[in-house]
Amino acid sequence: MKRRLLNALRKVHQVPGVKQMVKPLIRRKMNKAIDAAATHFFEHFTLVVATEEKDQIACFKTRHQVYCEEMGFEEVRQTKMEYDEFDEYAISCYIKHKATGDCAGTIRVVMPQHSGQLLPLEQNCSDAIRMDENSPTRFARHSVCEISRLAIPKRFRRRQTDLKLSPVTGKSLDKNLKKSKNNRNYPYLTLALYFFAATICVLRDVENVYVMMEPKLARSLRMLGIEFNQISHVIEYHGERAAYRLSPEEFLQQISPSLHRFYHKITKELEGIPSFGAIHKPKPSSLTVKQQKTKAA
């Protein structure tokens with residue numbers, strides 16, 4: 001049935017003039033869906049820039065939960081926190097769930113300032129990068145950054161029917177809701193985290209943003225108008241990954257009106273953060289500084 005429907009849609013698209021009529025309808029429907037998701041997001045979540053140690057701990061604990069305990073990408077640590085040398089020159093941030101105060105997802109922006117500071121993809125996946133005009137080695141260190149360590153806890157990734165409590169409201173799920181189809185509770189958390197990080201890149205005037213991501217995620221973002229330029233072949237690194245580059249200027253030019261509104265809401269939310277100015281002057285995580293002193297000793 002599904003295949004017949006897809007074939008029928010392909011035939012309809014081949015009719016002269018139909019594609020031009022359908023595309024605006026699809027765009028309007030998508031814009032309405034994104035506006036609704038943005039409204040939903042700011043009702044239930046708030047943004048946090050991890051300039052304080054307690055917020056950095058929230059990010060590192062979430063990363064440990066996802067990368068070490070749930071996914072098995074890294075070894076489990078006694079501290080129950082996952083961080084590395086790149087956090088010394090990175091801005092961590094996260095999305096806080098208003099109902100519970102829990103971290104619903106975290107991401108970081110690695111911002112090197114001198115030649116001795118590499119991007120994670122330069123160190124871990126250097127063989128995959130095509131050494132052409134898009135390579136980060138061609139640019140000044142302060143003009144490049146990498147968005148990495150995106151982590152969303154299982155509770156906020158799982159389907160509604162998998163849980164007794166809603167990850168959005170923190171309350172018991174309604175019986176009718178349990179019987180509804182298995183949509184994700186908040187499918188735009190990943191999008192929100194990337195927007196959060198990209199907004200910081202814009203505020204810091206970083207010209208070249210890099211990210212290692214799954215090609216299928218890049219395709220999903222492309223459908224929303226965010227065009228990442230793939231600069232490597234697909235490699236096996238915690239699953240299929242490829243390196244991508246994005247210019248913040250192009251990012252703002254290519255996103256849809258609804259995503260522009262989402263972006264401006266995120267900017268407004270950031271401006272309300274007391275430590276907003278720290279985004280422009282990131283300081284090393286006190287936790288990573290302690291780790292380096294311990295290693296030196």
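Start with the lining of the largest pocket. Select H3, helix H4 (120-124), S4, helix H5 (154-157), helix H7 (189-203), strand S5 (208-213) and helix H8 (215-223): each supplies at least two residues of that lining. Helices (H or I, at least four residues) and strands (E, at least two) are DSSP runs, numbered from the N terminus. Here a pocket is an open set of points on a 1 Å grid over the protein atoms alone, with protein on both sides within 12 Å along at least five of seven lines; a cavity is a set of points where a 1.4 Å probe fits but cannot get out; lining residues have an atom within 4 Å of a point.

This is a predicted model: local features need pLDDT of at least 70, side-chain atom pairs count only at pLDDT 80 or more, and totals for chains, interfaces and linings use all residues. Residues are numbered from 1 along each chain as its sequence is written, and side-chain values use heavy atoms, with hydrogens and water left out.

**The largest pocket**

Now show the residues nearest the centre of the largest pocket: Leu150, Thr190, Glu214, Leu217 and Arg241, out of 43 lining residues. The space inside is about 1,300 Å³. A volume is the space filled by probe spheres set on the points, and grid points are joined across faces, edges and corners. Highlight S4 next; it gives the largest share of the lining, 6 residues. Colour the lining by type and you get 27 nonpolar, 6 polar and 10 charged residues. Ala, Val, Leu, Ile, Met, Phe, Trp, Tyr, Cys and Pro count as nonpolar, Asp, Glu, Lys and Arg as charged, and the others, Gly among them, as polar.

The model has 3 cavities of 30 Å³ or more. H7 gives the most to its lining, with 3 residues. The lining has 9 nonpolar residues, no polar and no charged.

**Salt bridges**

A salt bridge is a side-chain nitrogen of Lys or Arg within 4 Å of a carboxyl oxygen of Asp or Glu. The count is 13.

Select Arg149 and Asp84. Their side chains form a salt bridge, 3.9 Å from N to O. Arg149 sits in strand S4 (residues 144-151) and Asp84 in the loop between helix H3 (53-70) and strand S2 (90-97), 65 residues apart. Both Arg149 and Asp84 are buried. Buried means under 20% relative accessible area, exposed over 50%, partly exposed in between (1.4 Å probe, protein chains only).

Move to Asp87 and Arg108, whose closest N and O atoms are 3.1 Å apart in another salt bridge. Asp87 lies in the loop between H3 and S2, Arg108 in strand S3 (residues 103-110), 21 residues apart. Asp87 and Arg108 are buried.

Then try Asp55 with Lys54, a salt bridge at 3.4 Å. Asp55 counts as buried because its relative accessibility is 8%. Lys54 is exposed, at 60%.

**Cysteines**

How many disulfides does the structure hold? It has 0, a disulfide being a pair of cysteine sulfur atoms within 2.5 Å. Select Cys103: the nearest cysteine sulfur, in Cys59, is 5.8 Å away. Cys103 is buried, at 10% relative accessibility. Finish at Cys145. Its sulfur is 3.5 Å from that of Cys201, the closest cysteine sulfur, so the gap is too far for a bond. Cys145 is buried, at 0% relative accessibility.
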